[in-house]
Amino acid sequence: MKRIESILVKKEETSLNVFKLKAMVRGKEAPAILMYGSPDPDAVASAMALEEILRRTSGIARCTLISTEPVARQQNREFIRAMRLDIGLLDKSDLDSFDLIALVDAQPTFFGQSLENIPVRPQIVLDHHPAAGVWHAELADIRPNYGALSTVMMEYLLTAKVRIPRKLYTALLYGIKTDTNNFERDSILEDITAYYLAYSRANRQLIRRIELNQIPEKYFKYFDYAFHHRRRYRDRAMCFLGKVESTDACVQVADFFIRIAEIYYVLIAGIVRDRLVIVLRGDGYRQDCGAIAIKAFGGYGSAGGHKSAARVEIPLEALKAPLDEDFSQENVEQFMIQCLRRARKRARPSEPPPAQNS
Ligand SMILES: [Mn+2]
């Protein structure tokens, strides 16, 4: 085990940052750990790890966990409940009452205006997303090559020689598992090493229970609707579900349809509050969902993602004219089909000639 751990503790940067961290929290009483968006397991596990380090290396009794959006996915709700955590919402929190602010799995620029006029700037920023925009923090550690921030936090815990409780091993394991999509997404040796270390010590039965708890029963109506109304075109399935309570409804339906034989790419759309959300899922082999999302819908709203998973969000305001204010299933799906067709046409001239024998 020691030899395996050495893969994670050899880094000079981590030692320096742990040293800095200890100095920064000296005399502090009320730290807040901020997460961006709806808190996912990697962000939550990282926040738990940071809290553990702060508690064990200083007199801090506890940290306040805050996210910008409420928990959306059923599994994440289960996970947070099992970890017995209380996560506050940013717009209901008084940031003036904290004397130390840390960001995990996010960077100051993600938050836009909401962190502009606060007395204490975020002093600690730990993330694994590519560096975005210009910002400054006393302690900034951004490692875009890591599959999960939980892996980085495991390095911090080991370097700081903080004993890791079983609950935290469980959280870190789940954080790595979900952020790397069980190592299907880009990950490095450190991620696999941290996973291996946590594996034998975590409560894996708890993780299994959480993973099985995926689909709220109230979503059955969307599966039923998509089953009867889905539109097939070659290897593509598509359905507009109408008004849905959460993007997660589209995600769950899309995740289901991508598992059907001979469907290699799925678009499930729904109206979530004032936006049309389109969730794309693909095999990531023939189709690049992220590229399709940007090419077809990028002109109307935000679009992006990976090869196998992407998302589009378009304000309904921006669709009133192109849809002629008709948000019926027929009309929305025709709009999506046209966008896809135009994107394909645009893509064609610049496409390289097909390679021989490929
Ligand atoms: Mn992450």
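Me: Hi! Where does Asp186 sit, between which helices?
Reply: Hi! In this predicted model, Asp186 is in the loop between helix 6 (166-179) and helix 7 (189-199).

Me: Is Asp186 buried, exposed or partly exposed?
Reply: Asp186 counts as partly exposed, because it has 13 C-beta neighbours inside 10 Å, and a residue needs 20 or more to be called buried.

Me: And how far is Asp186 from Tyr146?
Reply: Their C-alpha atoms are separated by 7.9 Å, although the two residues are 40 apart along the chain.

Me: Switching to Gln75. Which helix is that in?
Reply: Gln75 belongs to helix 4, which covers residues 74-82.

Me: Buried or exposed?
Reply: Gln75 is buried, with 20 other C-beta atoms within 10 Å. The cut-off for buried is 20 or more, so Gln75 qualifies.

Me: What does Gln75 contact, leaving aside its neighbours within four places in sequence?
Reply: Gln75 is in contact with Ile210, Glu211, Asn213 and Gln214.

Me: OK, let's zoom out. How many helices and strands does the protein chain have?
Reply: There are 13 helices and 12 strands in the protein chain. The radius of gyration is 22 Å, close to the 21 Å that the globule rule gives for 358 residues, so the chain is as compact as a globular protein of that length.

Me: What box do the C-alpha atoms fill?
Reply: Roughly 60 × 50 × 45 Å, taken along the principal axes.

Me: Which domains are assigned?
Reply: The assignment gives domain 1 (2-212) and domain 2 (221-346). The C-alpha centres of these two domains lie 32 Å apart.

Me: How much of the chain is buried?
Reply: Buried residues make up 40% of the 358 residues. As for contacts with a separation of 6 or more, 64% are between residues 24 or more positions apart.

Me: Which residues have the most contacts inside the largest nonpolar core?
Reply: Ala49, Val104 and Leu172, in a core of 56 residues. Helix 3 supplies the largest share of this core, 9 residues. There is also a second, separate core of 41 residues, which includes Ala226, Leu241, Ile268 and Phe297.

Me: Why would nonpolar side chains end up together like that?
Reply: In soluble globular proteins, nonpolar side chains tend to be buried together.

Me: What does Val104 touch, not counting residues up to four places away?
Reply: Val104 touches Ile33, Met35, Ala43, Ser46, Ala47, Leu50, Leu126 and Leu149.

Me: Now strand 1. How many of its residues are buried?
Reply: Strand 1 (residues 31-35) has 5 of its 5 residues buried. Pro31, Ile33 and Met35 are buried on one side, and Ala32 and Leu34 are buried on the other.

Me: Which strands are joined to strand 1 by bridges?
Reply: Strand 4 (residues 100-104) is joined to strand 1 by 4 bridges, and the two run parallel. Leu34 stands opposite Leu103 in that strand. Strand 2 (residues 64-67) is also parallel to strand 1, again with 4 bridges, and Met35 stands opposite Ser67 there.

Me: What do strand 1, helix 3 and strand 2 make?
Reply: A right-handed β-α-β unit, with helix 3 covering residues 41-57.

Technical notes
Residues numbered from 1 in each chain as written. Predicted model: local features only at pLDDT ≥ 70, side-chain atom pairs only at ≥ 80, totals over all residues. Domains from an automatic or database assignment. Buried ≥ 20, exposed ≤ 12 C-beta atoms within 10 Å, placed from the backbone. Pairing = 2+ DSSP bridges. Right-handed = clockwise from strand over helix to strand, strands pointing away. Rg over C-alpha atoms; globule rule 2.2 N^0.38 Å. Contact = placed C-beta atoms within 7 Å. Core = buried A, V, L, I, M, F, W, Y, C linked by C-beta atoms within 7 Å.
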